[in-house]
Each structure stands twice: as structure tokens, then as C-alpha cells.
Amino acid sequence: MGEQLTILDTMFLELEQVDETAHMHIGAALIFDELPSGGAPDIDELREYMGARIGLLPRFAQQLSAPAAGPLTWLTWERTPDFDISAHLRHASLPAPGGERELQEWLGDFWSHRLDRHRPLWEIVLLDGLEGGRWAMATKTHHCLVDGVGALDLGKVLLDETPDAQPLPEQPLEPVHGENGGGRSWFSPGLAIRGARAGLSALTHPRDSIERIVAAAEVIVKEEIIAAPESSLNRPTSGTRHYATVRLSLDDVNATRERLGGTINDMVLALCAGGLRHLLESRGEHVEGVLRAQVPVNIRTADGRDLGNEITSLFIELPVGEPDTLRRYRRVVDNAEHLKASSQGAGGSTIAKIADLAPPLAGELLARSMFGTTRMFNLTITNVPGPPDKRYAFGAPLVEVLPLVPLFTGHTVGVAAVSYAGQMVFGINADRVAAPDVAVLAEGIERSFAELSAPVPAD
């Protein structure tokens, strides 16, 4: 039998099952300069390149044991018989002139379509025709397979640290043993092992266990009873997406952060708060109070799984009603400090660990409770730090990374920020019908940074 999905992995499948307009894949567009010899690689070269590396990513040659979990049956990852990597790699060209507008339109359409659950849950498109001879690898990977930090870790396998790196020797896949099953019974050896581990932890650290259970209850009570504010950000979605980006110099971001205090995460949240205020004002809404953002937090350890989800969530208030940019920033910093000192993060992860000992039905209930409605939060904002130095493929430098965060049920806008090689890129994913004004949010983020980074006038 293959490896069993965790409750967090299962939740991202359940979220698609309860809402046909929700697409629970993450992704990125990796933009490269032209090859040293000019132009872009062809699709056969990409298939050979990926074929040599797929053995380092065995999960990418595995599929779900069934398209959906049953109430008492866990899904497992099973090796795909007759795995064909070419089915996951295809070629496309941007229409002329291949600029930012054409790229964003293409990405919005690409990320509007779900992955097929009857085969490994990933896809890469070799995209050429970009201005200046550039080309891209556009990726789409289901969230049940990998989280945002894990996706960046995959770059260590898919990308090279130098332009003249030697080709990797082919990494063979393990042979298939037996036929894929329909899943694993809830009451299984895996459950006993997880329960034993939980019991051992409770015996050796009883006070810590009690505190974490109390923290879990606080998340449920506070966040379910005190619902997120109503907002035009939360409407029924259409299933079609469009995309916008904001690019900032990481040096400029760091210089502003050092002058004002706070962290890079604080800066990302404050800029989004300013952008959201600008968006809501443009819609003619009376902007006051706060919005609540769901912020994924990496809890992956050095000995953790390479793939799958190792995250919890924090829910932070964004003071969109504050008209002064600097005061808004300082309120974000204060809110974040208060949240870090609270038990909310521990509570969120404890909820998932408790549910991991229950049947898969708990995954559906937890998914509906935390992510399947708009009660908990208004939008998702995530920030993932990438490598500070350039990476390469086929000897061509990776110029920038354009990230994607999925939209949960009733959430029309999501923002992902990624830093890489001296640049920070905000990728804004929005529902094409319910949030047609995605460019206004991008403009608001840029405006907020311009205001924060402006020189302080002399007395």
C-alpha cells in the first residue's frame, strides 16, 4: 500500500468537492532569459530534462488511489502504471507581441482549469513567444501534493545553481508492486501509530498537550463565533480566473522595513491592506474597520516530508479603514506581534492533528468549517521566501517567479508574494467575473509602497 494522505492533504481535495468553482492547485510561472544558444528549449528537450529528474520526485509519478476519499476510507498515493511524463508536459506559445498583458491573460486561463484526479496531479507548460526571446515554465500542482514552501523546495531538484551544471544522471523510478487499491480503511496501522505518538506526547508533556487543546478550542470559538467582516471580496465565484502582478525591489523593501521596523511579512500584509483599501474605495464602498486575512505558516521541519502539507494558518486583521499609510503599517506590525504571542498558530495545527486521528469525514467537516465558507476570513495572503541567488535551467537564468495562491469558496481575491534574486513579486489571483478590477488592487499595492518608502521630510 502507498503512503496515506494526511487530513490537511485531504482537506484540499474536499474543498473542490464541495464547490465546483474552487480550484485547489498552486502554481508559478518561471520566467527565463533565452538560452545561451538563443531562443527557448523545445518540448522534447524539456521532457528529457524532466525525465532524468522525475526519480528524485517519486510522488510526481504517483496518483490518488481513488478520485475522492470516502467517509471512512483514506486515500493513498499509488504508483501510476505505465507512467508517461509526456502527458504532463506540453508546449504553448503566447500570441504576439508576447508582453505582460498577453502573459497575464494566458496564465489566468491556464490556472482556471482543474487537474485530472485520475493521473498524477501536476502539469508544466513550456511557454515561448515572450518578449525579448524569453520563455517560461508555467506550473500547476494540486495543493494536496505540495504546499507553497514544498513547491519552492522542488526548485532545488528542477533548477540548477550554475549555468554550466552537468546534466543529472537518470534517476529510475521504483517498480510498481501490485494494483492500486481504492484507499485505506480509517482504522488502520497508520492510525494506531499516530495515536501512539499522540499518547506518548501527552504522557511526556501533559501540560503542553493541555495548552494546545485549549488553543485549538480558542480558534474554533473565537473565529467561528466572531465572523470575518462582510465585504465585496466575498461573493460566489465563477471558476474562471485572471491574474495581475506587482514587482518591487527587495533591497527597497528591506530598506523601508529597516527604517520603519517590523518584518518582511508585516510589509507584505501592510501593502495588501493599502491595496485592498484602494480597491474597495474604487468600488464606491465606505471603507472602515478591518478585513481578516488567512496567512499560511510553514511548520515544516528539517526531517519533515518533502511533499504534502506542513502548514497551519493564522488569521490577522488588516486595518483597511485606516487612511494614513504609516499608521496602517504600524497597526499591522502591532497586530502581527500580538498574534505571534497568542496560541492561535498552535491551535490551528492542533485541530488538524486531532482530526488526523478521526475518519476522513473529519476532513470534509474541517474543510467546510475553516475554508469552505467566508466566516473565517476574507482573503488569503501568503509570503514565501525564495533563493537569494539566481537559478538556471538549460543554462538560461531564471529571471523571475510569478506565484499563484488558490481561491477558496466565496473568496474572489488571493495574493501570493515570492522573493527571489533581489526581487519581490506579488501575484494576484482573482475571479474574472466577481473581481474584474484586479488591476486596481495591483495599483493600490504599488501606491502603498511608494507612500511607505518615500523619504521622510526634514524637520
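A charge counts as sitting over a ring if CZ of Arg or NZ of Lys is within 6 Å of the ring centre and within 35 degrees of the ring normal. In this predicted model, Arg53 meets that description: Arg53 lies over the face of Tyr49, at 4.0 Å from the ring centre. A lysine does likewise. The charged end of Lys140 is placed over the ring of Phe110, 4.3 Å from the centre of that ring.

Together with Phe32, Trp135 and Phe394, Tyr49 forms one aromatic cluster.

Pairs of aromatic rings were examined next. A pair of this kind is described by the distance of the centres and the angle of the planes. The count of aromatic pairs comes to nine. In one of them, the ring centres of Phe315 and Phe377 are 6.0 Å apart and the planes meet at 40°, so the pair is tilted. Phe315 belongs to strand β12 (residues 311-318), while Phe377 sits in the loop between α11 (361-370) and β13 (379-385), so the pair ties together parts that are 62 residues apart in sequence. Phe315 and Phe377 are both buried.

Phe377 has a further partner in Phe408. Their ring centres lie 5.9 Å apart with the planes at 90°, so this pair is edge-to-face. This pair, too, links distant parts of the chain. Phe408 is found in the loop between β15 (396-404) and β16 (413-420), 31 residues from Phe377. Like Phe377, Phe408 is buried.

Nonpolar cores were then considered. In soluble globular proteins, nonpolar side chains tend to be buried together. The largest nonpolar core here has 46 residues. Leu318, Ile381, Phe426 and Ile428 touch the most other members. Helix α8 (residues 264-282) gives the most to this core, contributing 10 residues.

Neighbours within four places in sequence are left aside here. Beyond them, Phe426 is in contact with Ala244, Thr245, Val246, Leu248, Val268, Leu271, Cys272, Val415, Ala416, Ala417 and Ile445.

Two cavities of 30 Å³ or more are found in the whole structure. The largest cavity holds about 40 Å³ of space. Its lining is made up of His23, His25, Trp111, Arg241, Leu404, Val405, Pro406, Leu407 and Asn429.

Note on methods. Residues are numbered from 1 along each chain as its sequence is written. This is a predicted model: local features need pLDDT of at least 70, side-chain atom pairs count only at pLDDT 80 or more; totals for chains, interfaces and linings use all residues. Side-chain values use heavy atoms; hydrogens and water are left out. Rings of Phe, Tyr and Trp (its six-membered ring) pair if their centres lie within 6.5 Å; planes under 30 degrees apart count as stacked, over 60 as edge-to-face and the rest as tilted. Helices (H or I, at least four residues) and strands (E, at least two) are DSSP runs, numbered from the N terminus. Buried means under 20% relative accessible area, exposed over 50%, partly exposed in between (1.4 Å probe, protein chains only). A nonpolar core is a set of buried Ala, Val, Leu, Ile, Met, Phe, Trp, Tyr and Cys residues joined through side-chain atoms within 4.5 Å. Contact means heavy atoms within 4.5 Å. On a 1 Å grid over the protein atoms alone, a cavity is a set of points where a 1.4 Å probe fits but cannot get out, and a pocket is an open set with protein on both sides within 12 Å along at least five of seven lines; lining residues have an atom within 4 Å of a point. Grid points are joined across faces, edges and corners, and a volume is the space filled by probe spheres set on the points.
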